[in-house]
Amino acid sequence: MMTLAQIESEIDKLPPEKFEELYDYISERRLITNHDLAWGEEASRRYNAYKSGKTSARPVEDVVHDLRSRFS
(Lines give C-alpha, C1' and ligand atoms only; values in the text may rest on other atoms or scores of the structure.)
Protein backbone atom coordinates (compact mmCIF):
# COMPACT_ATOMS: atom_id res chain seq x y z
CA MET A 1 0.00 0.00 0.00
CA MET A 2 1.29 3.46 -0.88
CA THR A 3 1.70 6.16 1.74
CA LEU A 4 -0.10 9.45 1.38
CA ALA A 5 3.22 11.14 0.57
CA GLN A 6 3.82 8.64 -2.25
CA ILE A 7 0.33 9.19 -3.65
CA GLU A 8 0.79 12.98 -3.51
CA SER A 9 4.13 12.63 -5.28
CA GLU A 10 2.57 10.56 -8.05
CA ILE A 11 -0.32 13.02 -8.42
CA ASP A 12 2.18 15.88 -8.76
CA LYS A 13 3.75 14.06 -11.72
CA LEU A 14 0.49 13.76 -13.66
CA PRO A 15 0.05 15.79 -16.83
CA PRO A 16 -2.91 18.22 -16.60
CA GLU A 17 -5.32 16.04 -18.59
CA LYS A 18 -4.65 13.00 -16.37
CA PHE A 19 -5.02 15.13 -13.25
CA GLU A 20 -8.43 16.27 -14.54
CA GLU A 21 -9.42 12.63 -15.11
CA LEU A 22 -8.43 11.76 -11.55
CA TYR A 23 -10.29 14.79 -10.20
CA ASP A 24 -13.42 13.79 -12.13
CA TYR A 25 -13.12 10.21 -10.89
CA ILE A 26 -12.96 11.33 -7.26
CA SER A 27 -15.70 13.94 -7.69
CA GLU A 28 -18.09 11.53 -9.41
CA ARG A 29 -17.82 9.07 -6.55
CA ARG A 30 -18.69 11.84 -4.10
CA LEU A 31 -15.41 11.34 -2.32
CA ILE A 32 -15.15 15.10 -2.54
CA THR A 33 -18.28 16.91 -1.41
CA ASN A 34 -19.41 20.40 -2.42
CA HIS A 35 -18.34 21.49 1.04
CA ASP A 36 -14.83 20.13 0.41
CA LEU A 37 -14.70 21.93 -2.94
CA ALA A 38 -15.77 25.22 -1.37
CA TRP A 39 -13.10 24.94 1.34
CA GLY A 40 -10.51 24.00 -1.28
CA GLU A 41 -11.34 27.11 -3.28
CA GLU A 42 -11.20 29.27 -0.15
CA ALA A 43 -7.86 27.76 0.89
CA SER A 44 -6.51 28.40 -2.59
CA ARG A 45 -7.73 32.00 -2.54
CA ARG A 46 -6.13 32.61 0.86
CA TYR A 47 -2.85 30.96 -0.13
CA ASN A 48 -2.63 33.01 -3.33
CA ALA A 49 -3.32 36.20 -1.36
CA TYR A 50 -0.55 35.25 1.07
CA LYS A 51 1.93 34.42 -1.72
CA SER A 52 1.22 37.71 -3.51
CA GLY A 53 1.70 39.72 -0.30
CA LYS A 54 -1.94 40.84 -0.07
CA THR A 55 -2.26 39.26 3.38
CA SER A 56 0.03 38.00 6.11
CA ALA A 57 0.16 34.91 8.28
CA ARG A 58 -0.04 34.56 12.04
CA PRO A 59 1.01 31.66 14.25
CA VAL A 60 -1.97 29.48 15.18
CA GLU A 61 -1.17 29.92 18.87
CA ASP A 62 -1.76 33.68 18.55
CA VAL A 63 -5.04 33.20 16.73
CA VAL A 64 -6.31 30.68 19.31
CA HIS A 65 -5.26 32.97 22.16
CA ASP A 66 -7.12 35.91 20.61
CA LEU A 67 -10.26 33.82 20.08
CA ARG A 68 -10.21 32.48 23.61
CA SER A 69 -9.78 36.00 24.99
CA ARG A 70 -12.60 37.30 22.83
CA PHE A 71 -15.12 34.57 23.67
CA SER A 72 -14.31 33.84 27.34
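Is glutamate 10 buried, partly exposed or exposed? With a relative accessible area of 41%, glutamate 10 is partly exposed, where buried means under 20% relative accessible area, exposed means over 50%, and partly exposed lies in between (1.4 Å probe, protein chains only).

**Before selecting anything**

This is a predicted model, in which local features need a pLDDT of at least 70 and side-chain atom pairs count only at pLDDT 80 or more, whereas totals for chains, interfaces and linings use all residues. Residues are numbered from 1 along each chain as its sequence is written, and side-chain values use heavy atoms, with hydrogens and water left out.

**The whole chain**

Show the protein chain as a cartoon: it has 4 helices and 0 strands, helices (H or I, at least four residues) and strands (E, at least two) being DSSP runs numbered from the N terminus. Read from the N terminus, the order of elements is α-α-α-α. The radius of gyration of the protein chain is 17 Å, well over the 11 Å that the globule rule gives for 72 residues, so the chain is more spread out than a compact globule; this radius is taken over C-alpha atoms, and the rule is 2.2 Å times the number of residues to the power 0.38. Along the principal axes, the C-alpha atoms fill a box of roughly 45 × 25 × 25 Å.

Now switch to a surface view. The accessible surface of the protein chain comes to about 6,800 Å², and 56% of it belongs to carbon and sulfur atoms; accessible areas come from the Shrake-Rupley method with a 1.4 Å probe, and for residues only the protein chains shown count as cover. Buried residues make up 1% of the 72 residues.

**Helix H1**

Select residues 4-13, which form helix H1 and include leucine 4. Leucine 4 counts as exposed, at 59% relative accessibility.

Move on to lysine 13, which forms a salt bridge with glutamate 10, their closest N and O atoms being 3.2 Å apart; the term requires a side-chain nitrogen of Lys or Arg within 4 Å of a carboxyl oxygen of Asp or Glu. These two residues are 3 residues apart in helix H1 and therefore separated by about one helical turn. Lysine 13 is exposed, at 58% relative accessibility.

Next take residues 16-28, helix H2, where lysine 18 and glutamate 21 are 3 residues apart, or about one helical turn. Their side chains meet in a salt bridge of 3.6 Å, N to O. Lysine 18 is partly exposed at 41% relative accessibility, and glutamate 21 is partly exposed at 46%. The end C-alpha atoms of H2 are 18 Å apart, in agreement with the 18 Å that its 13 residues should span at 1.5 Å a residue, the expected span being 1.5 Å times one less than the number of residues.

Just after H2, stop at arginine 30, which takes a positive phi of about 60°. Isoleucine 32 lies in the loop between H2 and H3 and is partly exposed, with a relative accessible area of 22%. A C-alpha to C-alpha distance from isoleucine 32 to leucine 14 gives 19 Å, for residues 18 apart in sequence.

**Helix H3**

Select residues 34-51, helix H3, and show the side chains of arginine 46 and glutamate 42, which lie 4 residues apart, about one turn of the helix. They meet in a salt bridge of 2.7 Å, N to O. Across the whole structure, a search finds 6 salt bridges.

**Helix H4**

From glutamate 42, draw a line to leucine 67, 25 residues away along the chain: their C-alpha atoms are separated by 21 Å. Finish by selecting residues 60-71, helix H4, whose end C-alpha atoms are 16 Å apart, in agreement with the 16 Å that its 12 residues should span at 1.5 Å a residue. H4 is hardly covered, the count of buried residues among its 12 residues being 0.
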